[in-house]
Amino acid sequence: MPAAMTALVAAAIDVGTDVAEAFDAHDAGGGGLPQLHAPDFAPQLFWLAVTFVLLYWIMSKIALPRIGEVIEERKDRIQRDLAAAERLKAETEKALASYEKALSDARANASTIARQTRESLNAEVEKDRKAVEDQLARKLADAEAAIDATKTKALASVKDIAGDAVVSIVGTLSNVNATKDEIARALAASGADK
Amino acid sequence: MAEAADVAGHAESHGPMAQFEIKRLVPLELFGYDISFTNSSLFMVLALVLISTFLILAMSRRALVPGRLQSIAESVYEFVAGIVRENLGKEGMRYFPWVFTIFIFILTLNMLGMIPGSFTVTSHIIVTFALAAMVWITVTLIGFARHGLGYLKLFVPEGVPFWLMPLIVPIELVSYLIRPVSLSVRLFANMMAGHTMLKVFASFAVSLPFVAKAFPVLFTAAFTGLEFLVAFLQAFIFTVLTCIYLNDAVHMHH
């Protein structure tokens, strides 16, 4: 671009000089506006071209990129900081949510565990009780059976003893040697063994 | 130096127009062209040096949190960048360095001209015309480079009935061709008129008797304030118009 501009200004100087000659012819007497004093055009155009091109070069290559960089950097920094703040906020919220969830989970767990413990304890107690009751019932039944057996045996012994007694009584009293079997039959016939 | 001034062939004068005289400080010649270092050249070089040193020194710290000077440099940058973005959109930032150079150069030359006894480079039609011609030629080249012959459609606005074309097209064409003239005359005339007025009223302060001097002095003081505004405003207008012309060439929205 500066090269193009230089060429441009050179052309402008040419045009300017032509115009200058025209003005000179017209304004040969001198005086008038200094702005229309044509011989002054060429040096002004030359120095304008030199200073403008130089200024353009310094601005576009050095000064403006630096300012632009700093402004861009600041914008980026602010953007980054805002983004970081946003991210941290989201993280905090997530942590809070997970903390609350953990808390409520723990609560639920605790009540479940309590209920389960209560239930299992109840079941165990029930089982123990039942076992003890069963044992007692069994012992009771055994005892009853033993009592029954003893009673039966005792009754049977009574019949035997009665038979023996009857034999000896009958032998002593009537001299009839009745056997034990005959006595038993007689007893059965009279229904006295009941 | 006095000899150099004589080379220009101007008689030393103190009229309101004397401030615009070109004085050859160092007579120079190149390939037959007069390229003398004049008072005008001096202020152009001064502007170049001031702008460059200021912008480079102000940014030397490249601080994330800007100091005073850096804030000014960044403000100027953002100001011109804002004009470019507003008129040309984001892709127009390609032309930003060029537009910025035009703005800061004209602004500085105008402001340097406000220093009493200095020289106002932009009060010369040849300077403002050269700047305007550069803008016009650059814009036209960009227009043809981007749209080829389609750039000529700029002169045929859409939605205009065809029988109006013989009227519209010449008007569009003339208004396009007149751009460098209007652009340069606006700046030149504003600067010259303001400085001439100041000088005329300041000379009243010398010629009027005693108490009456107060009026031209007060007026000159107030008018100097207005001239600072004009100095900024004309640089701004030149820059905005450059952007508007560029927008025509880049986007062809008419």
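What percentage of the 254 residues of chain B count as buried? In this predicted model, the share is 36%. Chain B holds 8 helices and 4 strands. Its elements run α-β-β-β-β-α-α-α-α-α-α-α from the N terminus on. Among contacts in chain B with a separation of 6 or more, 58% join residues 24 or more positions apart.

Helix α8 of chain B spans residues 214–251. It has 38 residues. The distance from its first C-alpha to its last is 54 Å, close to the 56 Å expected at 1.5 Å a residue. The buried residues of α8(B) include Glu227(B), Ala231(B), Gln234(B), Ala235(B), Phe238(B) and Thr239(B). Further along, Thr242(B), Cys243(B), Tyr245(B), Leu246(B), Ala249(B) and Val250(B) are also buried. An α-helix has 3.6 residues a turn, so residues three or four places apart point the same way. The partners of the buried residues of α8(B) are α3, α4, α5 and α7 (179–207) of chain B. Met252(B) follows α8(B). The phi of Met252(B) is positive, near 55°.

The contact between the chains takes 39 residues from chain B and 38 residues from chain A. On chain B, five elements each supply at least two residues of the side that touches chain A: β3 (33–34), α2 (39–58), α3 (68–88), α4 (96–112) and α5 (125–147). Helix α2(B) gives the largest share, 9 residues. By class, this side of chain B has 27 nonpolar, 8 polar and 4 charged residues.

Within chain A, helix α2 (residues 41–174) packs with helix α3 (residues 180–190). Two packed helices are described by the angle between their axes and the distance between the axes. Here the angle is about 110°, and the axes lie 9 Å apart. Because of that angle, α2(A) is roughly perpendicular to α3(A). On α2(A), the contact is made by Gly163(A), Val166(A) and Val167(A). On α3(A), Lys180(A), Ile183(A) and Ala184(A) make the contact. The residues of this contact divide into 4 nonpolar, 1 polar and 1 charged.

Definitions and conventions: Residues numbered from 1 in each chain as written. Chains lettered and ligands numbered in written order. Predicted model: local features only at pLDDT ≥ 70, side-chain atom pairs only at ≥ 80, totals over all residues. Axes fitted to C-alpha atoms, helices over the stretch in contact; angles between N-to-C directions. Parallel < 35°, antiparallel > 145°, perpendicular 65-115°, else oblique. Contact = placed C-beta atoms within 7 Å. Nonpolar A, V, L, I, M, F, W, Y, C, P; charged D, E, K, R; others polar. Expected span 1.5 Å × (residues − 1). Buried ≥ 20, exposed ≤ 12 C-beta atoms within 10 Å, placed from the backbone.
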